[in-house]
Amino acid sequence: MDVTTRQHCEALDAADPLREIRARFAPGVPGTLYFDANSVGAMPLTAPQRLQHLIGEWQSLRRRGWSESDWLAGPQRLGAKLAPLLGAAADEVVVCDTTSINLFKALAAAVQLRPGRHRIVSEAATFPTDLYVAQGLAGLREGVTLHLLEEGAAIEPAIDDDTIALSLSFVDYRSARRHDIRALTRAAHARGALVIWDLSHGAGAVACDLDAADADLAVGCGYKYLCGGPGGPAYIFAARRLHDAIRPALAGWMGHAAPFKFTTGYEPAPGMGRFLVATPAVLANAVFEAALDIWAAVDPRAVFRKHDALGDLLGALVDRGVGGPGVSVASPRAAERRGGFVALKHAGGAAVVAALADAGVIASFRAPDSLRFGLSALYHRHVDIWDAAARLGEVLRNETWRAPKYQQAKAI
Ligand SMILES: Cc1ncc(COP(=O)(O)O)c(C=O)c1O
């Protein structure tokens with residue numbers, strides 16, 4: 001690919017089947033290039049109207065909103081809209097709570113589905129909240145232990161006949177390394193174990209193909225690549241074949257078969273409804289739905305193809321020196337092994353990311369050395385990648401990142 005010219009990137013944009021979608025997102029501050037899709041995705045243009053509509057309902061309907069509007073159905077309705085992007089069926093996903101809370105539900109379900117087994121297997125470098133949730137859950141159940149694999153250790157040999165589940169990040173939050181959902185699910189199933197995937201750094205960027213992989217359980221953030229809004233709701237997936245056997249540990253009234261009968265005993269709602277716990281986040285759901293209606297208008301395969309190409313482009317520009325001296329690609333080279341962002345490496349670390357922000361390029365840093373560029377096939381153009389690499393090149397060539405004000409830069 002001849003990526004050394006900006007003109008070539010312009011030609012790629014002109015031929016991009018997704019080029020019109022970008023106009024459905026708010027552009028942000030003029031001149032600023034946002035590469036934080038791995039953290040907080042762009043705002044759909046219709047989000048303020050959606051929110052305003054709900055505010056109007058709140059004002060006029062108040063409690064009648066529960067019966068006269070569709071507030072209560074949000075988790076299932078949004079889940080059905082999200083499902084195709086995950087490679088799942090509409091009745092296998094609900095949008096609710098946070099990733100941490102949904103992971104607790106998924107782990108508790110796995111413990112319940114594999115009685116007599118004791119080990120949850122995860123990776124020490126997994127996103128910390130996932131580890132904390134697993135530690136908390138293991139502490140509640142006599143005999144259940146968390147077995148953590150060191151970085152780079154093979155996962156398959158760690159699965160044994162005592163393994164309840166693998167609890168894994170689909171994509172590593174520092175390196176962007178992507179696990180093979182199909183292969184690891186097959187390996188776990190061969191030993192009778194389940195797999196729980198945290199899809200946060202993959203969903204909306206790369207294919208997850210949950211049903212094709214015969215996946216069991218999965219969770220993920222709504223606010224990253226999916227553009228669900230800051231602090232917006234997360235989602236949980238469970239394969240249909242598991243639904244009836246799961247009796248939730250975190251049982252709440254919204255997951256009850258008949259919440260408004262107010263009975264004393266818990267009886268799980270049919271299907272994914274049982275994973276709901278509490279009153280849906282109606283306002284936040286309205287914002288997330290604005291994004292999901294954009295997702296519904298695109299072919300996920302086109303999204304994944306373009307996402308791969310954008311990541312390859314950034315890597316190629318760094319390799320050819322457009323990104324300046326001393327920087328290299330740290331994430332996997334092969335697109336099929338990489339998740340939603342490209343990780344670069346430079347000795348200046350967080351100071352480079354801070355200086356780059358002043359140069360109008362928003363990226364993020366994760367210690368010890370990951371400069372993360374979160375990519376979105378919905379709103380990034382190839383020229384944006386070129387411009388970001390060129391600005392990085394300036395920051396590194398001029399050594400602006402060495403200024404004292406950047407040395408205290410924090411990783412947030
Ligand atoms: C992989 C992963 N899982 C979970 C979370 C946290 O999710 P929540 O705050 O919704 O529980 C994050 C946050 O960045 C994350 O990167």
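## Serine 331, a residue in a loop

With 4% relative accessibility, serine 331 counts as buried (buried means under 20% relative accessible area, exposed over 50% and partly exposed in between, using a 1.4 Å probe and protein chains only). Serine 331 sits in the loop between strand 9 (328–329) and strand 10 (341–345). Helices (H or I, at least four residues) and strands (E, at least two) are DSSP runs, numbered from the N terminus.

This is a predicted model, in which local features need pLDDT of at least 70 and side-chain atom pairs count only at pLDDT 80 or more, while totals for chains, interfaces and linings use all residues. Residues are numbered from 1 along each chain as its sequence is written, and side-chain values use heavy atoms, with hydrogens and water left out.

Which residues does serine 331 contact, leaving aside its neighbours within four places in sequence? They are Ser175, Ala176, Arg338, Val342 and Ala343, where contact means heavy atoms within 4.5 Å. The side chain of serine 331 also reaches the backbone nitrogen of alanine 343, at 3.0 Å.

## Phenylalanine 35 and its neighbours

Phenylalanine 35 counts as buried, because its relative accessibility is 1%. Look for phenylalanine 35 in the loop between strand 1 (33–34) and helix 2 (47–61). Not counting residues up to four places away in sequence, phenylalanine 35 touches a list of residues including Val361, Ile362, Arg372, Phe373, Asp384 and Ile385.

## Two helices side by side

Helix 10 (residues 300–319) packs with helix 12 (residues 382–397) at an angle of about 25°, and their axes are 10 Å apart. That angle makes helix 10 roughly parallel to helix 12. Axes here are lines fitted to C-alpha atoms, for helices over the stretch in contact, and angles run from 0 to 180 degrees between N-to-C directions. Angles under 35 degrees count as roughly parallel, over 145 as roughly antiparallel, 65 to 115 as roughly perpendicular and the rest as oblique.

Which residues make the contact? Helix 10 brings Lys306, Ala309, Leu310, Leu313, Leu314 and Leu317, and helix 12 brings His382, Ile385, Trp386 and Ala389. These residues divide into 8 nonpolar, 1 polar and 1 charged. Ala, Val, Leu, Ile, Met, Phe, Trp, Tyr, Cys and Pro count as nonpolar, Asp, Glu, Lys and Arg as charged, and the others, Gly among them, as polar.

## Helix 11 and what follows

Helix 11 (residues 350–358) has buried residues Ala350, Ala351, Val352, Val353, Ala355 and Leu356. They pack against strand 11 (361–362), strand 12, strand 13, helix 12 and helix 13 (404–407). After helix 11 comes glycine 360, with a positive phi near 85°.

## Backbone angles to look for

Aspartate 214 is not a glycine, but its phi is positive, near 60°. Aspartate 214 lies in the loop between strand 6 (194–198) and strand 7 (217–220), and at 39% relative accessibility it counts as partly exposed. Phenylalanine 262, also not a glycine, has a positive phi of about 55°. Its place is the loop between helix 8 (240–243) and helix 9 (282–295). Is phenylalanine 262 buried or exposed? Its 59% relative accessibility makes phenylalanine 262 exposed.

Proline 368 belongs to the loop between strand 12 (364–366) and strand 13 (370–374).

Terms used:
A polar contact is a pair of N or O atoms within 3.5 Å; within protein, one must be able to donate a hydrogen and the other to accept it, and residues adjacent in sequence count only if both atoms are side-chain atoms.
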